Structures are given as C-alpha cells and as structure tokens.
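The tour moves from the whole chain to single residues.

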Amino acid sequence: MSSSTFIDVADLNDLPPGGHLLVEHDGQSLALFNIDGTVYAIEDLCTHDGGPLVEGEIHGYEVTCSRHGARFDVRTGKALCMPAVEDIRTFPVEIRDGRILVCLDED
Ligand code: FES
C-alpha cells in the first residue's frame, strides 16, 4: 500500500466559502474552490482546450469553463457537457490547523 503525501498549498483564510484560489506546485496549476465550507481541488486545465477553470462560474458543485462553456463536477472531475468529453483530474484535500493540504500523488 502506498502512502499519500499531502502538500501544504494555501491558508484556509485565503479561501472563504464561495471563493476560489489558484495555486501552483511543481509547475502544476490547481484550482481550489470552497463550496459551503468544503474545499475541492482540481487541475486548472480544461480537458477541451486547456482553458483555466479557476475563474469559472460555480453552480452547485459544477464549474463552467469560461472559454467554451464545458462543465465539470469539482467533486469527481466528471465532464458534464460538451465540448469537453474527458474528465478533469481531482485531488484529495485535507484541512489541518487552518492550512489547505492537497494530495498530488498519481493513482
Ligand atoms: S477550453 Fe474549456 S470549454 Fe473549451
């Protein structure tokens, strides 16, 4: 069994409920969303054409890519509508002592 490594990426105070935050780690861009007090982390890269997702509108648990309107579930990464057909990556999140930690390990 492999152990998961959680990386400290941000202060929870910088991501209030309803907020979004872009963080970088090792050249990877992550979009963090706080939805009703729960933090979700996805790769900030739309699978349609590489658009950023962090600035996308959130409705419920869905983020809409600002470029061509694809929608993804931030909990599962599932692509929900055209033009995206591939899911996006999601990452496990933990909150420890007011810090946001994300597990970037490959599956
Ligand atoms: S780049 Fe996101 S919908 Fe086209």
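The stops below each give something to select and then say what is there.

**Before you start**

This is a predicted model, in which local features need pLDDT of at least 70 and side-chain atom pairs count only at pLDDT 80 or more, while totals for chains, interfaces and linings use all residues. Residues are numbered from 1 along each chain as its sequence is written, and side-chain values use heavy atoms, with hydrogens and water left out.

**Stop 1: the whole chain**

The chain has 0 helices and 10 strands. Here helices (H or I, at least four residues) and strands (E, at least two) are DSSP runs, numbered from the N terminus. In sequence order the pattern is β-β-β-β-β-β-β-β-β-β.

Next, switch to the C-alpha trace. Along its principal axes the trace spans about 40 × 30 × 20 Å. A compact globule of 107 residues would have a radius of gyration near 13 Å, and the chain, with 13 Å, agrees with that. The radius is taken over C-alpha atoms, and the globule rule is 2.2 Å times the number of residues to the power 0.38.

The accessible surface of the chain comes to about 6,100 Å², and 46% of it belongs to carbon and sulfur atoms. These areas come from the Shrake-Rupley method with a 1.4 Å probe, and for residues only the protein chains shown count as cover. Of the 107 residues, 38% are buried. Buried means under 20% relative accessible area, exposed means over 50%, and partly exposed is in between (1.4 Å probe, protein chains only).

How much of the contact count comes from residues 24 or more positions apart? Among contacts with a separation of 6 or more, such pairs account for 38%. Contact means heavy atoms within 4.5 Å.

**Stop 2: residues 7-102**

Select residues 7-102. UniProt, in an unreviewed entry, places the feature "domain: Rieske" here. UniProt positions are in the numbering used here, feature names are shortened, and annotations may be inferred rather than shown by experiment. Over this range the chain is 0% helix and 46% strand, and the end C-alpha atoms are 5 Å apart.

**Stop 3**

Select D8, which is found in strand β1 (residues 6-11). D8 is partly exposed, with a relative accessible area of 41%. Leaving aside neighbours within four places in sequence, D8 is in contact with R99, I100 and L101. For a distance check, pick the C-alpha atoms of D8 and Q28: these residues are 20 apart along the chain, and the atoms are separated by 14 Å.

Move to H25, in strand β2. H25 counts as partly exposed at 23% relative accessibility. Beyond its neighbours within four places in sequence, H25 is in contact with I7 and L104.

**Stop 4: two aspartates in loops**

Select D26, in the loop between β2 (20-25) and β3 (28-35). D26 has a positive phi of about 55°, although it is not a glycine. Is D26 buried or exposed? At 75% relative accessibility, D26 counts as exposed.

Then select D97, in the loop between β9 (93-96) and β10 (99-103). D97 also has a positive phi, of about 50°, and is not a glycine. With a relative accessible area of 82%, D97 is exposed.

**Stop 5: A70 and its contacts**

Select A70, in the loop between β6 (62-64) and β7. A70 counts as buried at 1% relative accessibility. Which residues does A70 contact, leaving aside its neighbours within four places in sequence? They are C46, V63, T64, C65, C81, M82, P83 and A84.

Stay with two of those contacts, M82 and P83. The peptide bond from M82 to P83 is cis, with omega near 10°. P83 lies in the loop between β7 (71-73) and β8 (90-91).

**Stop 6**

Finish at D105, in the segment after β10. D105 counts as partly exposed at 32% relative accessibility. D105 and F91 are 14 residues apart along the chain, and their C-alpha atoms are separated by 8.5 Å.
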